[in-house]
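Please keep the sequence and the model in view while reading.

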Amino acid sequence: MTYSMKMRSAVCIAALVAGSTAHADVSAQQVWDDWKEQMSLYQQTEIEVGSEEMSGDTLVISNLSVTNTSPEMTANYSIEEIRFEEQRNGSVVITMSESYPITFKPNSDAVVTLETTQAGLEMVVSGDADAMEYAVEADSIGIALVDVVDGDITFTGDAKLVMNDVSGSYSTSETEIRNIAYEMDVATIDILLDIVVPGGKGEYVTGGGKIEDIQMDGSIMMPLEGDFETPEDMFENGFAIEGGYSLAGASYIFDVNAEGDQAAGSISMGSAELRGQINSDVISYDTTANDVSLNITGSEIPFPIELSIAEYGVGLEMPITQSEEAQDFRLSLDFIDLTINEMIWGMIDPGNVLPRDPATFQFALAGTGTPMINMMDQEQQEMVKGNELPFELNTLSLENLKIALAGALVTGAGDFTFDPTDTQTFAPMPRPEGEVAIKVNGLNQLIDNLIAMGLIPEEQAMGPRMMMGMFARTTGDDQLESTLEVNSEGHVLVNGQRVK
């Protein structure tokens, strides 16, 4: 699986730069032995060393080659020299070659070669053989494309990412499981892309970007034995990842020509953050971005497109393992104050009938459920048939609903509990009990505006107006409210009137 290869590569990189909370002295040989142990945790990794030589207080490793193999791809990196220099205070300073190649060979004729470079990179290791801490400093760390060779075709060009003014720390310890924790600060990340397609008709991809003030942290728990090809076993043995990043701002530009179709534009954002975790019990993901803007022009686009959004966010939490107790889950989506440029409005509404107010969509669900299967086990997933649910729903809350568009506003909230002993009344789900209230402002005016624009024939608007009269009550000028209730007997009531 591609998933497996990516996981192994991430583990190997983490293992290379992390070692194993400080108590005493550590020797150069102990640090190097710990590196080898980490890189050899899994059978898919092959390590070759040209020579290991102790010269005074420095252990010199020459011609290190590390190969990771999966059914889909083989990856290799080779470092000409690594030096482990023992210090009088009991620490070890690590330096290495300023550049080294990385190659990827998928199950095809293609070979991708990258080059990693660093300037002023220094790692200081303290602690002892069982618990090591790394302090990392670098003026810059970069990775760049050398070429892509696919049969007789060779792709070249500028494609690189450079992290500037890097500082951080890593620590690892080992008991029945290996624990890695890290923190890293990066002043800026510069991105450059400039590639011309060989043999093409002027096709190219160019772009660039800058990310500012990045802060990253995380922890990884790796079982000493396991197989990434069977992730359910890895998680049962304790594999877990938790972490994320924040940044102060980012901006990107791009220009693409594909088969004669050209497009160019820019993307920018203010502060942003991402947090996530995955372990044997739960998977969660939360991301937010502020002040996002997008501008695009192109040969197939009749006018410039300009979009902006004040805040964007996605949230998810879901239990993934079988349990006898109810577990929390949640799902949320936020698009706040979305605006478009006047040219787009002019195409949608040339008569300037609709209000140009920013649009907002917010949706948040939360609740509890009892998982009936282990979601990481494919065999258990296949046992779920037809309309069966892989979990027993216990509670559900609509914490937030807000839709603001073209002068209309819809809001809502509500809570339900579920009876697992009754799966017939609302089969296949257990019987709910509770209510949800929906409020709508400005809907009649929006319908009138759509009629004036010719988008809805007036006779076709009668049906929706009649439905609103049946299922909603008027609470003010162009203000409606509707309450949906399910009682303990399984009756469905709308504004107190039973409909089921």
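Does Arg 431 count as buried or exposed? Arg 431 counts as buried, because its relative accessibility is 12% and the cut-off for buried is under 20%. The model is predicted.

## Arg 431 and its contacts

Arg 431 sits in strand β23, which covers residues 431-441. Leaving aside residues up to four places away in sequence, Arg 431 touches Thr 417, Phe 418, Asp 419, Asp 422, Thr 425 and Phe 426, among others. Its contacts also include Asn 487, Ser 488, Glu 489 and Gly 490.

## A negative patch

Elsewhere in the report's selection is a surface feature. Asp 57, Glu 85, Glu 122, Glu 137, Asp 139 and Asp 165 gather on the surface as a patch of negative charge.

Two members of this patch, Glu 85 and Glu 122, are described below.

## Glu 85

Glu 85 belongs to strand β3, residues 73-86. With 35% relative accessibility, Glu 85 counts as partly exposed. Beyond residues up to four places away in sequence, Glu 85 touches Asp 57, Thr 58, Ser 91, Val 92 and Val 93. One of these contacts, Asp 57, is also listed in the negative patch.

How far apart in space are Glu 85 and Leu 121? The C-alpha to C-alpha distance is 14 Å, and 36 residues separate Glu 85 and Leu 121 in sequence.

## Glu 122

Glu 122 lies in strand β7, residues 122-128. Its relative accessibility is 38%, so Glu 122 counts as partly exposed.

Notes
Residues numbered from 1 in each chain as written. Predicted model: local features only at pLDDT ≥ 70, side-chain atom pairs only at ≥ 80, totals over all residues. Heavy atoms only, no water. Patch = residues over 30% accessible without salt bridge, like charges linked within 9 Å, V, L, I, M, F, W, Y side chains within 5 Å. Areas by Shrake-Rupley, 256 points an atom, 1.4 Å probe, with all protein chains shown as cover. Salt bridge = Lys/Arg side-chain N within 4 Å of Asp/Glu carboxyl O. Lys, Arg positive; Asp, Glu negative; His and termini not counted. Charge placed at Lys NZ, Arg CZ, Asp CG, Glu CD. Helix = DSSP H or I, 4+ residues; strand = E, 2+ residues; numbered from the N terminus. Buried < 20%, exposed > 50% of the residue type's maximum accessible area, 1.4 Å probe, protein only. Contact = heavy atoms within 4.5 Å.
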